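The following paragraphs walk through one chain and its interface with a partner chain. Begin with the display below.

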Amino acid sequence: MSNAYLTYAAKRLGQAVVVILLAYVFTFVVVSILPGDPITSVLRNPQNGFSEEEIAEIIAAQGLDKPVLVQLWHALSGFVTGDLGMSMRSNRPVSTLIAEVLPSTLILAGAGLAVALLLAMLVAYGTRFVPKKYGQGLLRGFPSLFLSVPNFVIGLVLIHLFGFQLGLFRVINPDSFWATLFAAVALGIPVSSQIAEVLIANLDKEAEQEYAAVARSRGIGQLKLFVSHLLKPASLPVVTVIALTIGELLGGSLITETVFGRTGVGSLVQRSVSTQDLPVLQAIVSLGAVVFVLVNLIADLLYPLLDPRVKILGGSKRRPTTSDEPSIGSAKAVNP
Amino acid sequence: MSLVSNTSLTSGQRRDRLAAFRVPVTVALSFAVIAIVIAWSLAPQFFTTHSPVVGVPADKLLGPSLSHWFGTDHLGRDLYTRVVYGTASSVSSALVAVVIGVLFGGLIGLLAGFLGGWVDVVFARLVDVLLSIPKFLLAVIVVTAIGFETINAAIATGVSAIAFFARVTRSEVIKTRQATFVEASFLSGGSRWYILTRHVLPNASRSVLPLAVLQFGESILIIASLAFLGYGDPPPASDWGLLISIGKDYLKWPWLVYAPAFVTIVTVLSVNRISRWLRKTD
């Protein structure tokens, strides 16, 4: 824990807070440019049966009669103190609505990440052991294939094969073990592509390093070389890549939940989109940004501790920023 | 010479010609796929005799056959015809998305990288904010804000790609700006504008091109996902994502999902293969 590290950590933390606040403002702006007047169209919808006084009350309670800047200020100060406002449809706090569906989505996203990691490791480590003659090229083509298949297609294929044909799970019971597992597979396969690509690129790079050549000249076996020399340095950068895939996991769970009929944050988003429940949408999108920024912050802070070869660039000339960190990972992924 | 038959000679020649162009077989195949897709979207009526909207109710839910390559749907419409007619909107909307992402992202990256200073700081924060919102969620709220239509889904997808292109262009511009030949050009009296258009832009665009192609494939997928969720044009439009979404209610007749999914995947795979090839030949 050197001084440079602490300054770096403090700077990164400050940046993260700024980005989160700006992300909230950004979503507020996008959501408030909605065409027409969805607020009154929701409230005056005869199906809801609000009387004029009730409508006036709700408008006053949500602060919808105030200027946009005042509304933004209220929303932002509520957001900072953890108050996400009230849903416009169900008249319940947004935080309760989200808390109800969050566990299901966390399970799905966690399982999806596990599947993605497992698959990526199988493919990437496999390229070290499958000889060129016996399909190494095929294995190397996997990440590109995974990237090209939309996750709703994987989900539908899994439902068709394992749900309809083999009868392993029922679509009616989406929280059963098998249904969750297959949903996680559908979510994880596209995510694994990025991780696998970075792993493969790193393994190739490490295998060409001098220390690997030295180890080989000492007569070390392929397996031993891999386990004790290549595995760790090649796998560490994955920490940063995993953090970057969090966004994809969140976005992907929206579709996966729809396909598998699960109740979760994704289905809540869908419901809020169709009913134009703006406070809920605003809250979920900005919470998505919070999760993404925090996970990346943790990854960035952890990484220098895990890999001592990484030097913190201190001084005023060049600060490491959020804009640098991901590009390290994606540059590797894009340009192996 | 007499032992070599005519056919092997011509195929050998063809291989030589391909080798001269340095186009691997898979890349040539990919270009063929893209050519078909473009043809489908430009002139769908030449590729099928059925109607994409009016079906024959007696022929509903038929399996794939010679007269109906991909089978028929629940209204007796020929699915192959629906896929062909849906190509234009699926593919051209992805193009719109890429153009938006590259133009706006490129402009931001160019200004940030070339001007530096406070412009760079402001744009860097903007890009951080855009990147912090999960891409697909960003596309969903943008399309919610501007309305459920395929063209709006394309705009939303483009908006979610701006940050990525801004970052890539910025780093390319900075890399080029520090190159010796730019310094030389500046010392021999080149103006900023001249350097920008003559040196920085061509160099940056060279590395942006493969990424734009890659983004084209990704945009097809994101727009298909948005259409799948019902945020694109409503039926009787036949965007690929929408076709898959309709098919999911008829899983007993799986070709309704598999056929449009197959076309989508093959198209995106081809686009990705071309992107990889462009990057390698660069």
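How far apart are the mean positions of the positive and negative charges of chain B? In this predicted model, the mean positions of the 22 positive and 14 negative charges lie 8 Å apart. Lys and Arg count as positive and Asp and Glu as negative, with His and the chain ends not counted; each charge is placed at NZ of Lys, CZ of Arg, CG of Asp or CD of Glu.

Chain B has ten helices and zero strands, helices being DSSP runs of H or I with at least four residues and strands runs of E with at least two. Its C-alpha atoms occupy a box of roughly 75 × 70 × 25 Å along the principal axes. Of its 282 residues, 53% are buried, that is, under 20% relative accessible area with a 1.4 Å probe, protein chains only. Among contacts (heavy atoms within 4.5 Å) with a separation of 6 or more, 69% join residues 24 or more positions apart.

At the interface, 50 residues of chain A touch 40 residues of chain B. The buried area, meaning the accessible area (1.4 Å probe) that two parts lose on being put together, summed over both, is about 4,000 Å², and carbon and sulfur atoms give 78% of it. On the chain A side, Phe26(A), Phe152(A) and Leu156(A) lose the most area to chain B, together 14% of what that side buries. Zero salt bridges are found across this interface, taking a side-chain nitrogen of Lys or Arg within 4 Å of a carboxyl oxygen of Asp or Glu as the rule.

Residues are numbered from 1 along each chain as its sequence is written, and chains are lettered from A and ligands numbered from 1 in the order in which they are written. Local features need pLDDT of at least 70 and side-chain atom pairs count only at pLDDT 80 or more, while totals for chains, interfaces and linings use all residues; side-chain values use heavy atoms, with hydrogens and water left out.

Definitions and conventions:
Buried means under 20% relative accessible area, exposed over 50%, partly exposed in between (1.4 Å probe, protein chains only).
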